[in-house]
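Me: I would like to learn how to read a few features of a structure, one at a time. Please give the general idea, then the case at hand.

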Amino acid sequence: MLKLDSHASGHHFLHIPGPSPVPARILRAISYQTIDHRGPEFGELGLKLLAGIKKIFKTEHPVIIYPGSATGAWEAALVNTLSPGDTVLMYETGQFSLLWKRLADKLGIQAEYIEFPGIEGWRKGIDARLIEERLRQDSAHRIKAVCVVHNETSTGVTSNIPAVRQAIDAAGHPALLLVDAVSGLASADYCHDAWGVDITVSGSQKGLMMPPGLGFNALSPKALAANKTAKLPKAFWAWDDYLLSNQTGYWPTTPATNLLYGLHEAIDMILGEGLDKVLARHQRLAAACRAAIEAWGLEILCQDTACYSPVSTGVLLPEKYDADELRKLIHQRYNLSLGTGLGKLKGRAYRIGHLGDCNELSLLAALSGCEMGMTAFGIPLKASGVVAAQEILR
Ligand SMILES: *Cc1c(COP(=O)(O)O)cnc(C)c1O
C-alpha cells in the first residue's frame, strides 16, 4: 500500500495552485476499465470530448489533447508554428513566463524577453503598451509570435489578454498570439475565439480538476496556416496527425484513455454547474482569500487590483521570515499543502490555491491552517483573516 493511504487522519488539504484537488467523481471515472482505443466506444467518447472541450476554451476551432504535461503543450505550440531562428516576443510576469522563454531558447528560437528589475514584473499584469511599442519598431516583421501567460500561477496575477490582442492589432503587426492559460482555464474567464488568440496552451491539473497528464493546444485558422510553413523539427507534437485522427474521434498514438474518462467527467461537471457560475465562484473565493490576507496585515503579492487572480493568491511575508519553513510547519501540523515561492520569490512568499474543485469551507479550512501556522511560527497578525473571509462568503 502507498504510504499516502495511511498519511494522517481526515483528508489532505491540497491548496497549491495546481495540481488541484480531484473530485471523487473524476477519480472514479479514471478507474473504469481501459478499453480498446481503436474500438467503436472509444471513437464515440473521443468525438464527445473533442466537442466538449471546445466549450471550455470558448472556441469553434480544433483543440488538440496530448498525453503529456503542459510543458509539452508549450513546446507543441512553438514547434508547430515557427522555424529555426525565428524571433518571438515574450513578457516577464513570473516563473512560468521565464520557463516558457527558456524552453524557446532550447528550441533555437530567438526569444526576446520584456523584463523588469527584481520582482517588479512579478507584482503586476502585462502592460500591453510595451508590446505595442516593440511591435511598432519591428517594421520588418521579424517577430513571428507574441507569447504571454494569462494567469501567472507563480504570483497570482491575471493579465488582460484582449489588451495584448489590441496592442498587436494597433501596431498593424502580423505576429501570432500564443497564450499560456494552463492555470487560468476554467477558473478564470477565458475566451480563445473572442479574444483573438491563435494558440492557447493548457493542462489538465489546474482549473480542470484533473490529475496531471494531459496538455492542450487550442488553435485558430491563422495558427493552422502558420503550421503549413513551420520548419522546426516536430514528430510526436505534430498537429497534423492529431487533426486527422481526431476527425473520427481517435488519436494517432495510444491516448491517455483513463485520463480522458476523467476529462469527460470534468467537462460534464463544469458545464453542469455552468461555466459562468464556476467563474463567479472563483472570484468570490479569491475575494475572501484577499480579505483574509488584508485582515492579517500582510501584503498581497499582486499590487494591481485589476489583475487579482481568481486562481491563486500570493502572500508576501516580511523579509525576516522564511516562507518555506512556515509552509513546512503548516504541512506537518495541519496536513495542508501551500504553494512555494518560485524563482525570485523563493522563501519570500507562499501561495494559496483556490482553483478547480474549491468551495467556501475548503478555502476557510486552508485559511485557518495559514492563520494557526503563522501564529505558531511567530508572525504577528493584526486580526483574524478567517473571520474576515467569512464576512465575504456569508
Ligand atoms: C503549471 C503550469 C505550467 C506547467 O505545467 P506542467 O504540467 O508542470 O508542465 C505552465 N504554465 C503555467 C501558468 C502553469 O501554471
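Me: Is cysteine 302 buried or exposed?

Reply: Buried means under 20% relative accessible area and exposed over 50%, with partly exposed in between, using a 1.4 Å probe and protein chains only. Cysteine 302 has a relative accessible area of 3%, so cysteine 302 is buried. Cysteine 289 is at 0% relative accessibility and therefore also counts as buried.

Me: What should I know about the model and its numbering before going on?

Reply: This is a predicted model, in which local features need pLDDT of at least 70 and side-chain atom pairs count only at pLDDT 80 or more, while totals for chains, interfaces and linings use all residues. Residues are numbered from 1 along each chain as its sequence is written, and side-chain values use heavy atoms, with hydrogens and water left out.

Me: How many disulfides are there?

Reply: A disulfide is a pair of cysteine sulfur atoms within 2.5 Å. The count by this rule is zero. For cysteine 289, the nearest cysteine sulfur belongs to cysteine 370, 7.4 Å away. For cysteine 302, the nearest is that of cysteine 307, at 5.8 Å.

Me: Which residues surround the ligand?

Reply: A residue is near a molecule if one of its heavy atoms lies within 4 Å of it. Here the surrounding residues include Ser69, Trp74, Phe96, Asn151, Gln205 and Lys206. Helix α3 (residues 70-79) gives the largest share of this shell, three residues; helices are DSSP runs of H or I with at least four residues, and strands are runs of E with at least two, numbered from the N terminus.

Me: In what order do the strands β11, β12 and β14 lie?

Reply: Two strands pair if DSSP finds at least two bridges between them. The three form an open, antiparallel sheet in the order β11-β12-β14. β11 (299-300) and β14 (349-353) each have a single partner strand, so one side of each lacks a neighbour in the sheet. Strand β12 (residues 312-316) is joined to β14 by five bridges, and valine 315 has tyrosine 350 in β14 as its bridge partner.
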